[in-house]
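Good morning, and thank you for coming. I shall present one structure today, moving from a whole chain to a sheet and then to a single residue.

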Amino acid sequence: SQTIHQWPATLVQPVGSPLSLECTVEGTSNPNLYWYRQAAGRGLQLLFYSVGIGQISSEVPQNLSASRPQDRQFILSSKKLLLSDSGFYLCAWSPIPADTQYFGPGTRLTVL
Amino acid sequence: AQSVTQLGSHVSVSEGALVLLRCNYSSSVPPYLFWYVQYPNQGLQLLLKYTTGATLVKGINGFEAEFKKSETSFHLTKPSAHMSDAAEYFCAVRSNDYKLSFGAGTTVTVRA
């Protein structure tokens, strides 16, 4: 069966520090991968999606970037965090584009 | 562009009462429709989905939803609420070849 992992589970970082969140999927190949953010009291905002290694589409211009160095690994990064980057970050995968997405447990990021 | 509207950001029901969460969508392609549930500090879990075929879809935890094309709706129901149903619920629609569009979410509170 397929599983999706995210780490760390929680993170507290100072403004201006770098960020690296990792997401990995097991039990499948060539998954479609997604990064979402949930700010407090708000819905899901799609940040990036990837249909293959090295193929990243950005949804919202911002302080973040994504990379997919391996087939089942998706990384969310920032060079300098802003207060507004605080939120709950969710990674998801789907076997078929625009079909069911399966979500990871999330990372709670607090920028102080 | 595809979009989802969830009517009511908060719904409060008594234990044992009907749960009804409303979702309306717009889509320029045959819709794939989804309902997800999110418990605090966790990722999203698929409740049910509609792609083609029978318009009444049964999901996990006793939930079901009916696709009504004429009304562009996909409302979620459960005949008898349980305390464990307290969570946030998201409706989603296939947005294009690669993405889903999510509604803003409805928080359900269950009163004893």
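**Chain B, a sheet in chain A, and one threonine**

Chain B contains zero helices and eleven strands. Please keep in mind that this is a predicted model. How compact is chain B? Its radius of gyration is 13 Å, close to the 13 Å that the globule rule gives for 112 residues, so chain B is as compact as a globular protein of that length. The C-alpha trace spans about 40 × 30 × 20 Å along its principal axes. Of the 112 residues of chain B, 44% count as buried. The accessible surface of chain B is about 5,300 Å², and 52% of this belongs to carbon and sulfur atoms.

Let us turn to chain A. Here, four strands form an open sheet in the order β1-β3-β8-β7, with antiparallel pairing. Which strands lie at the edges? They are β1 (3–7) and β7 (65–70) of chain A, each of which pairs on one side only. From one strand to the next, the twist averages 20°. In general, strands of a sheet pair through backbone hydrogen bonds. Between β1(A) and β3(A), the antiparallel pairing extends over five bridges, and A:I4 stands opposite A:V25 in β3(A).

Finally, we return to chain B for a single residue. B:T106 belongs to strand β11 (residues 106–111) of chain B. Is B:T106 buried or exposed? Its relative accessible area is 1%, and buried means under 20%, so B:T106 is buried. A polar atom of the B:T106 side chain lies 2.8 Å from the backbone oxygen of B:G8.

Technical notes. Residues numbered from 1 in each chain as written. Chains lettered and ligands numbered in written order. Predicted model: local features only at pLDDT ≥ 70, side-chain atom pairs only at ≥ 80, totals over all residues. Heavy atoms only, no water. Helix = DSSP H or I, 4+ residues; strand = E, 2+ residues; numbered from the N terminus. Buried < 20%, exposed > 50% of the residue type's maximum accessible area, 1.4 Å probe, protein only. Polar contact = N/O pair within 3.5 Å; in protein donor to acceptor, adjacent residues only side chain to side chain. Pairing = 2+ DSSP bridges. Axes fitted to C-alpha atoms, helices over the stretch in contact; angles between N-to-C directions. Rg over C-alpha atoms; globule rule 2.2 N^0.38 Å. Areas by Shrake-Rupley, 256 points an atom, 1.4 Å probe, with all protein chains shown as cover.
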